[in-house]
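Hi,

Here is the structure I promised to pass on. Have a look at it first, and then read on for what turned up when I went through it.

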Amino acid sequence: MHSTNRKKLGILLAILSVLLLISGTFAWFSFTQRAINDRSGNINFEEVGRLHDYFDRASGNKDVFAENFGDAPILVRVKLLEYMEINGESLVQAAPQEVAEGNAVQPIKEDTGTWTPWTPEASGNTVGQRIGPGAVFNARARWTVGWNPRAATDGSGQLNAPYFMPTFNRARDNHKTAAAGDGRDWTQSGEEADTSASPDGTNAGADATGVTHPGNGTDGYWTNGSTATSLLGTPPDTEDGTHTARQTVIQDQPVMLLSQWNALPVQDRVGNFWVVDPQTGWAYWANLLFPEEATSFLLDQANFSTSGIRGDYYYGIKAVANMVANTDGDVSALWEEAPENHSDLAKQLVDEVRNGLPILGEMEPGQTFSMRGTQYRYLENKGDGNHLVQTADFQLLTPWNIIPDVEGYNGSSLDNNMKNWHDNLPSVVRRQVQPVQKEFTGVGPDAHISEDWFSGNTSVASGAIPAVGAPHAFILDFEHPAFTEALKNDFAEVDPNGEKKAFALSIAEINNISGPGKAYPTMPSRVVAGTWTRTPFISTHPWYIAHLTGTFIIGTHPTLTVSGNQHQAPSMILRDQDGAWTSGF
């Protein structure tokens, strides 16, 4: 399939999740409408996102989230709308004059496009009850949004992200939803799907019931290691055979309003969480949704109170999902195709999500760029979509080593503080960090210089260090026998069995990225490479870069003479494969 066609994702992909409450019986069903194209005219499009709807009417568990089964990142937004009537009369009554003037819409049960958007108020660092016309639902419909860590149902401990069963329908031109348990995939044909033949969904493969996905819809039904096959017996729903449950991404922050998002520090505004625009009701996923990932839950529980109701009643929730490619044309359609008054902050959020991560493969050595409020310098293309980068600004970290009895870099205070610095990065950056060696090999006694250049001073004159060309001590002469093989071959490399972390560069790495056309073309340009390297000279003296000149120098061990924080520039290997940011592990 041509790559341009793959990117033609459905712009206004409408998917309905409807909970029915009928005649006081508390027998409520959940329907999920198949994708429809709300554009005017007939537009052919392909979709690589799937809306999941796991519903259990007995407990009220209602899991609504989106999955990307494609091979490129997408942007996702979901709108939740509600309708309720008692004895045939809508609880939301718009003023006739407002309707006539086009300033309000009177909800009609049969016209789901008129239902009331869910627009919550701020409550602490998340959202609270509905405001606006939907406030009338607060007394009856009680929702839990977002995901709160809880004990796993299989007894394996705290569950920080729920498990889900990946879609069995990976056809790009088929728009069924993954509706499980009491959930229903509902074909938009002017009337609800006929479930009378199987109200509990036991004949799940039949179009009448609309069940398209395995599972009973209860909370925590899928656990680590769970497997399943498709409920539907015909392609495209069976093309991938047996699937194994995966976890959604870990939610970085609770569901919040755009105003709360705008108040966040810039480095925290892109991440794995939902942001609601109360002006339109759209909830935006505040990150690109990467291939084979699923968002955290937007809706987790939907309970309904029947207390005091007399007569017939109906309550419904509709979820409308837009999933679009990260292209200018598709994103523009988010604002142009829907006749809504989109807020400027919503457009700013989408813009920050799209531009929060640069395409590293297009950068030149030495080029600086910003990621979530921190400046970085591009150092080297390591191949296979992996890139060596370093902070362009110094970070104040503890000295090279102040831990007694620890010799060398591994396990030193500098090593530990580099790891801590990485662990506090925004998740949108941290997820792209590639694992490297758990322990570097050129940082022990086998890396020590074989000749005695050290004369008891705190540093050695640059003239004593073998170098290539001028200025002296800019590029070391690794052909000199004083440099050991361990020292010359100490390079950070991607290791699937390693650990994600930041690290201090080695002498070999700095030497490799110094010179014309490289990250550090001159000695003065190298003063930002960090103070201490991870390479030892001898057991009590590491190599470091002179802060003012960029010269290689042998420094005195900090446990003897140095206290307080030191200027450092952490380095990492990031993955950026053709602009699709995903770690690959």
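How many aromatic pairs does the count come to? Before I get to that, bear in mind that this is a predicted model. The count comes to 22 aromatic pairs. One of them is Phe 137 with Tyr 315: the ring centres are 6.4 Å apart and the planes sit at 65°, so this pair is edge-to-face. Phe 137 is in the loop between strand 11 (126-130) and strand 12 (141-145), while Tyr 315 belongs to strand 25, so the pair ties together parts that are 178 residues apart in sequence. Phe 137 counts as buried, at 1% relative accessibility, and Tyr 315 is likewise buried, at 1%.

Another pair is Phe 304 with Tyr 313, and this one is stacked, with 6.1 Å from centre to centre and 15° between the planes. Both Phe 304 and Tyr 313 are buried. There is also a cluster, in which ring pairs link Tyr 54, Phe 65, Trp 147, Phe 164 and Phe 297.

While you have the rings on screen, look at two arginines as well. Arg 269 lies over the face of Trp 261, 4.9 Å from the ring centre. Arg 526 does this over the face of Phe 552, at 4.2 Å from the ring centre.

**Strand 6**

Phe 65 from that cluster brings us to strand 6 (residues 61-68), where eight of the eight residues are buried. In a regular strand, side chains alternate between the two faces of the sheet. Which residues of strand 6 lie on each side? Asn 61, Asp 63, Phe 65 and Glu 67 are on one side, with Lys 62, Val 64, Ala 66 and Asn 68 on the other, and both faces are covered.

As for its partners, strand 6 runs antiparallel to strand 5 (residues 49-56), and eight bridges join the two. Within this pairing, Asp 53 stands opposite Val 64. Strands 5 and 6 make a hairpin with four residues between them, and Gly 60 in the turn has a positive phi of about 85°. Strand 6 also pairs with strand 24 (residues 299-304), again in the antiparallel sense, over two bridges. There, Asn 61 has Gln 301 as its bridge partner.

**A buried lysine**

Next, go to Lys 501, in the loop between strand 31 (499-500) and helix 9 (507-512). Is Lys 501 buried or exposed? Its relative accessible area is 1%, and buried means under 20%, so Lys 501 counts as buried. What does its side chain reach? The backbone oxygen of Gln 437 is one answer, at 2.8 Å. The backbone oxygen of Lys 438 is another, lying 3.0 Å from a polar atom of the Lys 501 side chain. Apart from neighbours within four places in sequence, Lys 501 is in contact with Lys 419, His 422, Val 433, Val 436, Gln 437, Lys 438, Glu 439, Phe 440, Ser 571 and Met 572.

**Helix 4**

Helix 4 (residues 328-336) has Asp 330, Val 331, Ala 333, Leu 334 and Trp 335 as its buried residues. What do they pack against? The list is strand 7 (74-86), strand 23 (282-285), strand 25 (313-325) and helix 5 (344-355).

A few spots in the loops deserve a click.

- Ala 470 and Pro 471 are joined by a cis peptide bond, with omega about -5°. Pro 471 is in the loop between strand 30 (435-436) and helix 8 (485-488).
- Asn 87 has a positive phi of about 55° although it is not a glycine. Asn 87 lies in the loop between strand 7 and strand 8 (89-90), and counts as exposed at 53% relative accessibility.
- Glu 292 is another residue other than glycine with a positive phi, near 65°. Glu 292 is placed in the loop between strand 23 and strand 24, and at 33% relative accessibility Glu 292 counts as partly exposed.

Cheers

Terms used:
Residues numbered from 1 in each chain as written. Predicted model: local features only at pLDDT ≥ 70, side-chain atom pairs only at ≥ 80, totals over all residues. Heavy atoms only, no water. Buried < 20%, exposed > 50% of the residue type's maximum accessible area, 1.4 Å probe, protein only. Pairing = 2+ DSSP bridges. Polar contact = N/O pair within 3.5 Å; in protein donor to acceptor, adjacent residues only side chain to side chain. Contact = heavy atoms within 4.5 Å. Phe/Tyr/Trp six-rings, centres within 6.5 Å; stacked < 30°, edge-to-face > 60°. Lys NZ or Arg CZ within 6 Å of the ring centre and 35° of its normal.
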